[in-house]
Amino acid sequence: MDNCPANTFCNYATKHLSYLFATYNNELHFAWGNGSGWQGYFNTGVSLQNQAWHHVSFTRNGEVTQAFLDGHLVFTGSGYFPTIGSGGDFYVGYRQDSASQHWRGRIDEVRVYSEVRTESQIQNDMHTRPSAAELAGSGTLRAYYDMNEI
């Protein structure tokens with residue numbers, strides 16, 4: 001749920017100078033970096049209804065980035081995307097290089113996969129907790145943050 005004020009970036013997941021996902025004026029944005037600097041910042045043009053829950057997913061395959069809102073493909077973009085930096089910390093609801101751009105709202109869960117998820121996999125994941133095997137490290141799930149346990 002997004003409570004981001006107008007004309008303010010609110011980041012919901014970032015890896016320092018490697019990638020970020022945010023809203024600005026209720027629209028989804030993302031950026032890619034190479035670990036030492038941001039290489040491109042993009043507006044999907046996809047609007048979120050403020051004060052409502054949404055399932056948001058991003059995938060990247062080579063130079064193609066896709067955004068999914070509530071399980072449906074809503075944005076496809078291509079262009080220059082560097083190799084994502086491998087160092088640095090991963091943050092949920094915070095941006096290390098701009099502390100004022102934190103998330104203002106609620107986040108239910110965050111998942112990070114090492115493969116590109118299909119639309120049907122994303123739709124299935126929306127309402128299904130990862131299996132015990134996935135949580136134990138089998139498969140491509142690399143990080144899982146269930147905010148219900150905090």
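1. Buried here means under 20% relative accessible area, exposed over 50%, and partly exposed in between, using a 1.4 Å probe on protein chains only. Serine 57 counts as buried because its relative accessible area is 14%.

2. A quick word on provenance: this is a predicted model, where local features need pLDDT of at least 70, side-chain atom pairs count only at pLDDT 80 or more, and totals for chains, interfaces and linings use all residues. Residues are numbered from 1 along each chain as its sequence is written, and side-chain values use heavy atoms, with hydrogens and water left out.

3. Back to Serine 57: you'll find this residue in strand β5 (residues 56-61); strands are DSSP runs of E, at least two residues, and helices runs of H or I, at least four, numbered from the N terminus. Leaving aside residues up to four places away in sequence, Serine 57 touches Gln66, Ala67, Phe68 and Ile122 (contact: heavy atoms within 4.5 Å).

4. Glutamine 49 sits in the loop between β4 (38-47) and β5. Glutamine 49 is classed as exposed because its relative accessible area is 56%. Glutamine 49 and glutamate 27 are 22 residues apart in sequence, and their C-alpha atoms are 9.0 Å apart in space.

5. As for the lining of the largest pocket, its residues split into 21 nonpolar, 10 polar and 12 charged. Nonpolar covers Ala, Val, Leu, Ile, Met, Phe, Trp, Tyr, Cys and Pro, charged covers Asp, Glu, Lys and Arg, and the others, Gly among them, are polar. A pocket is an open set of points on a 1 Å grid over the protein atoms alone, where a 1.4 Å probe fits, with protein on both sides within 12 Å along at least five of seven lines; lining residues have an atom within 4 Å of a point.
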